[in-house]
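Open the model in your viewer and keep the selection tool ready. Here is a short tour, stop by stop.

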Amino acid sequence: MAAIVLIHGAGDSRAVWERQMRYLSERHRVLGIDLPGHGARLAENGLDRHENNAAEVCRMMDVEGIPQAVVAGHSMGGAVALTMALEHPARLQGLVLVATGARMKM
């Protein structure tokens, strides 16, 4: 069983991953992330740098007791996931990038 962390894009929330979370959670531990300023965290101020969002995902993994995970990100979430891979490589067991780019501005 793997831990899987799913990160949404700029205009979305974890709800974009609902079907994947339902399917994957049958065999894996799945954490869908709402970044600050999105979804259930809409009242919070959004973060202005991918590095800050990557640190927030690591913090949320810590809260959930997930030391390492396969991290998947869509669009801006892919840039956050890629930043995690570069800045926190020990936290990743794998990386999935969906419709994203290496140099996405916030």
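Where is R91 found? Select R91: this residue lies in the loop between helix 3 and strand 4. Helices (H or I, at least four residues) and strands (E, at least two) are DSSP runs, numbered from the N terminus. The model is predicted, so local features need pLDDT of at least 70 and side-chain atom pairs count only at pLDDT 80 or more, while totals for chains, interfaces and linings use all residues. Residues are numbered from 1 along each chain as its sequence is written, and side-chain values use heavy atoms, leaving out hydrogens and water.

**Around R91**

Stay on R91. Its relative accessible area is 15%, which means buried (under 20%; exposed is over 50%, partly exposed in between; 1.4 Å probe, protein chains only).

**Helix 3**

Next, select residues 76–87, which form helix 3. Its buried residues include M76, G77 and V80. Among the elements covering the buried residues are strand 1 (3–7) and helix 2 (50–63).

**Strands 1 and 2**

Move to strand 1 and strand 2 (residues 29–33). The two run parallel, joined by 5 bridges. Strands pair if DSSP finds at least two bridges between them. Finish on A3, which stands opposite R29 in strand 2.

Methods:
The expected span of a helix is 1.5 Å times one less than its number of residues. Contact means heavy atoms within 4.5 Å.
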